[in-house]
Amino acid sequence: WCANSSSGGINGEVEDLTRIMIDKNEGVIQSCVEIVVRGIDEDWEGWAEEGPSLQDDYYWDGDDTSLHAESLLESLFHSLHTPTLLPTILPLLESLLSSSQWIQMRSGISILERLYSSSPVSFQPYLPMAIQAGVAGCQSPNVRVQFQAVQLLASLCGAQPDEEYDSQILHCMTTLLSSTCLKLVSHACLALVSFCRPSPLDATNTTPPCIDAHRLLPHLEIVLNAIVSYPLSCDVIQKPMTIPVLTRGLMVVACLADVVGEDFGGVYGRVMPGLMGCMIVGGGSGGGQTGQEHDLMVLRGAAMESATIVGQAVDASLFLPDAHKIMQFAMPILTGLLSEYSAVSATSTSSQMVPTDQLLAACARIASVMGEEFVVFVPTLLELLIKRVGQEADVSITDGSKSGLQTTENTGAFTQDDDTGTESITLSLPGMGMKKLTINTTQIQEKSQAARSIYELASALDKRFAPYAETCAQALLPLITFKYSSEVRSTSTQALASVFSAACSSIAPSPTVPQDQLQSQQQKAQAQKLQSILSISARTIILELPKEDAEDTETTFALADALSDLFYAAHTVNLAQQSSSNSNTIALSPQEGHTIVSQLTTLLNLCLEQRAAYIRDAVQQQADPDEEAFLENALLSTQDYLTALVDSVGYILKSQKEAFLPVFESIVAPVFQPLLVAPSSHNQGKVDDIRARLSAICLFDDCVECCGSEAAQKYSQILLQGVMQGLQQDVDDELKRAAVYGVALIARHGPREVLEPCASGLVVGLKEIVTKEQHLEQQDSHEEERSSLSEYALSALASMVLLPGAPFGQTVVGEERDGIVRMFLEFLPLREDDSEAKICHAGLCELLSTGKIHNPQMYTPTLLKLMTSTLQLVAEGEDIATPETCSQFTTFLGQMQPPQ
């Protein structure tokens, strides 16, 4: 029953049963708590004397019994109805926390963390109490209590406690940095990392986002002083036990810079010399024990990682001189690694200066700062990366043993061998007997890291990376189907999309720089190569996606996101070609488009069914808060995947235009037309998935806009159903924005009679959205980012009433039209959507040229301001007006300026 309750909601009918079970389990809970207390090793001094480790300081051999009891308690807490359980367990914890005995206090803090970990949402009301318990524990004279207390505070950071606790939490962590117990200092550093990058227990992302900078900035000086005073001042050569302390102190510096960004520039001079010095500490000494040499290598890698993260955070001008020094340090190492490659993979050894994965990641960060200056380092670096991703998988099948088979039956998992860097599993195969499968996981990690570095390089160098695109694509394409590691598949697919995007940037025509014949021919040849890469990549990814584990949302999203990135990169090239004389378009053939959209739709159906099941569970079951959070997180984990699949369909539609209409009619519309509106209350079994409705509206928007007049005639009325319902709801901003955009598209491309019955109401509603934004702008004394919803609303309003071809331009007249004109002019320029901005700015020129703005002299100050602003923004690189519009604006400005 406990196992079932953790996966399904606990409704009112089982509340009584839950209470009975908790009553029955009170004895078990009491016994477990007693074992937790009795199982702690009393030799706290021996625990403290043992130096910190780079792996994990939490587990101590003498605590095995206690840890097993803690684990059992956590399982009980998770399985039982936590809101009902908390009142039962908390009095017991309070007695432990208030005890003068260090073992009892440490046990209470540890159990408190287990309680939070088992049910983080239900625990929220008790967060203040838990934080105070952690603060009190940090003030204990016993280092084991202090260690457990800072561990609790670090864990609670994932619950996003209120800012009012920041000072207390940081004070505890920084105070413990001055402890004489190295294990405690090292752990306090990790706690500071958790404060900077709080990781919720239900997080699906592997790298948690940083906290807001404003929460750390008031405390930055205090934290940095504490870090510099001890962890960063450790003499690791004289005291090797301090290597983990300094290593983790370097991690804190990186996190601090990551959080506050350019504001870290003020302390750059205090920390960077030390980071650069740590990169060479103990290098080439050749002495000491192998373990110590390994730890020093990890330390140097942490210093390089921290230095480059700091360099990315601050202004580039500060870091560039040091970036060149780091590359001078890195290049000989890269060259040496490259020379070691033969038929056998080159792996990290104790003689290396820094771990290769950190070296490669650091080079990628430097590339993002140096930009074009980094190009000179690319050939050597990329040759090494290509060799790494191209290594043949080191996998072997040998005869297995009974002991190996027994291990597999007991654990159901691979057995890891740290000495050889491999994992193995023994299976009994029909007709073959016992066989042992061994995989070189170190080599697989190298492939993944190399692919990730290629991704970073291509993203950082953009079009300057184009000469290497074909070579990288050839190396990465086979890894999309690499069967031994989902991480290799996901990183390689993402890297391929980044490489393709960089290459596409190189052939996008410049509106200001004319091309000669040779350049045009070269770009045409490059476009043909990219066409081939797009076709092969898309087919490979779309065939691999159904093979992935649906529960592995990280991998499925990575592949789907890469696919949409490929199509988006091609789409941007095609858009750029429309305004030039070139015809270097990159698109799938109609037959390829039909096949891939058909497969995408199959995946979309499965995704929508999965989401419907989650929503149905949430609606039908009276779940406890933690179960509600689980279902919400499950929906979020599929949301990005759904968006990526829909985006791919949309980009294919936009590239094929009218030719896509048969595909839309036969494949897309049957799936998404029923999703345009929320199901009625009497429609049993159907759920209202707002993200599915958003996807449907977006696809129908694209169809009406891009698939020609026949599509606009046929689908405008159908789209309007979703648009009207979307406008009436304030549940989701993106849904409302897509609905507003749909109004603009129907006004421009659809029959007038579609909007006619609701035109007056739409005009009123759109004006309200824009007026609300204007009111907010007048209230704010500082310039805030304008909402894209209001810009879409203004564009839709202008498309209905003002712009050339507006279907209701003759209907809305007099003072009402003058008011809309005034609103239109005061709101320009638009900046959120380049296409809509160009339409409205060009439309303004047409209105002025044709005399459609009555008495334009009264708007002269407004026109001067908006045209000057638009030209300035274009000069700064914003693509919000065409060259023709800019030329007309310049002419109008000359006419409006008074003679000198």
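At what angle do the axes of helix α26 and helix α28 cross? In this predicted model, local features need pLDDT of at least 70 and side-chain atom pairs count only at pLDDT 80 or more, while totals for chains, interfaces and linings use all residues. Numbering starts from 1 along each chain as its sequence is written, and side-chain values use heavy atoms, with hydrogens and water left out.

Helix α26 (residues 625–656) and helix α28 (residues 690–706) cross at roughly 10 degrees, and their axes come within 10 Å. Helices here are DSSP runs of H or I with at least four residues, strands are E runs of at least two, and both are numbered from the N terminus. Axes are lines fitted to C-alpha atoms, for helices over the stretch in contact, with angles from 0 to 180 degrees between N-to-C directions. The pair α26 and α28 is therefore roughly parallel (angles under 35 degrees). On the α26 side, the contact (heavy atoms within 4.5 Å) includes L642, V646 and L653, and on the α28 side it includes A692, L699 and C703. By class, this contact has eight nonpolar, four polar and three charged residues; Ala, Val, Leu, Ile, Met, Phe, Trp, Tyr, Cys and Pro count as nonpolar, Asp, Glu, Lys and Arg as charged, and the others, Gly among them, as polar.

Then there's α8 (residues 143–156) with α10 (residues 182–196), packed at about 10 degrees with axes 9 Å apart. That makes α8 roughly parallel to α10. Residues that meet here include F147 and V150 in α8, and L184 and H187 in α10. The α8–α10 contact splits into seven nonpolar, four polar and one charged residues.

Terms used
Parallel < 35°, antiparallel > 145°, perpendicular 65-115°, else oblique.
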